[in-house]
Amino acid sequence: MTNFRPVGYVIGLLIAALGGTMVLPFLADALAGSPNAGNFAISGMITIFSGSMIALACKDSRATGLSIQQTFLLTTGVWVALPIFGALPFWLGAPSVSYTDAFFEAMSGLTTTGSTVFANLDELPKGTLLWRGLMQWFGGIGIIVVAMAFLPQLKVGGMQIFRSESFDTLGKILPRAAEIAGSISTIYLVLTCLCVLGYSWAGLSFFDALVHAMTTIATGGFANYDASFGALGGGAEYVGAIFMLVASLPFVRYVQLVAGTARPLMHDTQVRSFFLIMIGIVAALTLWQLMFSTSEIEFAFRKALFNGVSILTGTGYASTDYTLWGGFPVTLFFLIGLIGGCAGSTCCSIKVFRFQILMSAIATQIRRIHSPHGVFSPRYEKRPISEDVLNSVMAFFVLFMLSLGVFAVALGMLGLDAITSISGAAAALANIGPGLGPEIGPSGNFSGLPDAAKWILAFAMLTGRLELMSVYIIFTVGFWRR
């Protein structure tokens, strides 16, 4: 019989902590004289009370470690529970939206997806804008801890390949998560502060610089304006591109860098491959614009750099409607959104290391066909890839594509057109943010979709953010028999 109480204790504490952070948007609205401040006060009290009651009810079973089954439940339970309460300020406050829209926005925030149902962002209260940024910022640090402490232990999607190199400490999962969170949180905060300074240098107000810094470092993509970065100027695009790239690298490498060891970062094949992909994308998009839309080299490079990096990293900002660039850029944007950044970063999607393992497996199979009597094995960073890791990565690819197809078909059954269905499913599952087409593209939002479509997409965001298997395994009979 599964003991849910240790899981409930941790989730209760996190819910209460989330409620405590609602004081920040409360103060932002109170200082601005907005009546929306009262909604944050009510939401905060409800959240703190609910979380405290859950934690108190489960306190007798709190533990220093969790079983594998409890860890799966905790990983998924946190990302379900927090959006439920994170949605309250949207539901009770400004703008007035249904709970479906509020939950969609909260799930999009905490999974750092960046899809939004809100229009007229320029007119929203500051507290609401700050809360959107805070949720993405919390989701960003949260997913780093999950990726470094939980997923390697759970052997999800090949993440076990990083189990020995993330941190050299051994022990139970909760102490390990606390240590990783403590080491990374400082770096995460410092990078956020540097990003605030960068945006301030680019001419943004302190409030805009703060919110956009939080959503940049989280590679989340929530902006304060309907035009996203199109309203912020060219300098902000360069700053944003730099910090999106910084946030796309493994944070454990920054921990090692601060400790005085730069070699792991410089010699990480995942990092090198990521930058090679990025350079190729930016070069292709720049040349395309110079050939078909503009003769200004700096303008073409800036738009290609910012929007290319934004989609590759799954951030989802836009500084222009790139769907007007033509068929090739739109197709390229759709495909690169399925790549993502490095494992152990705030990025989403499939991740670079899985493509490296896939390519190594394909190359090995080709060599075996050429030389049937030879002995070949796929390798990653010059080390043989174990059968366990290889099978896990291949299963992830198959499950990702199957999930993408199922979600797209489900959206199509609700009456959405093919472009909206496929790109919406991809944007949610890969946590990219905007889809394609006039409705959910970079110049639109998700508000016009049916409520059923929003719940489907919210579930897709959850499964994609937690690497698929962490969520799906809970729905299997064998999981509950353990």
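**Reading contacts in a predicted model**

Modeller: In this predicted model, the side chains of Glu-237 and Arg-302 form a salt bridge, with 2.8 Å from N to O.

Biologist: Why does the pair tie together parts that are apart in sequence?

Modeller: Side chains of opposite charge can pair when their charged atoms come close. Here Glu-237 belongs to helix α11 (residues 234-247) and Arg-302 to helix α15 (residues 297-312), so the pair links parts that are 65 residues apart in sequence.

Biologist: How many salt bridges does the count come to?

Modeller: The count is nine, taking a side-chain nitrogen of Lys or Arg within 4 Å of a carboxyl oxygen of Asp or Glu.

Biologist: Next, helix packing. At what angle do the axes of α17 and α18 cross?

Modeller: Roughly 110 degrees, and the axes of α17 (residues 352-370) and α18 (residues 387-413) come within 10 Å. Angles of 65 to 115 degrees count as roughly perpendicular, so α17 is roughly perpendicular to α18.

Biologist: Which residues in α17 and α18 meet?

Modeller: From α17, Arg-354, Phe-355, Ile-357, Leu-358 and Ala-361 meet a set in α18 that includes Val-389, Leu-390 and Phe-397. By type, the residues of this contact are 10 nonpolar, no polar and one charged.

Biologist: And the surface: which residues form a nonpolar patch there?

Modeller: Ile-42, Met-45, Ile-46, Trp-91 and Leu-92 do, together having about 470 Å² of accessible area. Helices α3 (37-58) and α5 (88-92) each give two or more residues to the patch. The largest share, three residues, is from α3, while Leu-92 lies in α5.

Key. Residues are numbered from 1 along each chain as its sequence is written. This is a predicted model: local features need pLDDT of at least 70, side-chain atom pairs count only at pLDDT 80 or more; totals for chains, interfaces and linings use all residues. Side-chain values use heavy atoms; hydrogens and water are left out. Axes are lines fitted to C-alpha atoms, for helices over the stretch in contact, and angles run from 0 to 180 degrees between N-to-C directions. Helices (H or I, at least four residues) and strands (E, at least two) are DSSP runs, numbered from the N terminus. Angles under 35 degrees count as roughly parallel, over 145 as roughly antiparallel, 65 to 115 as roughly perpendicular and the rest as oblique. Contact means heavy atoms within 4.5 Å. Ala, Val, Leu, Ile, Met, Phe, Trp, Tyr, Cys and Pro count as nonpolar, Asp, Glu, Lys and Arg as charged, and the others, Gly among them, as polar. Patches are made of residues with over 30% relative accessible area and no salt bridge: like charges are joined within 9 Å, nonpolar side chains (Val, Leu, Ile, Met, Phe, Trp, Tyr) within 5 Å. Accessible areas come from the Shrake-Rupley method with a 1.4 Å probe; for residues, only the protein chains shown count as cover.
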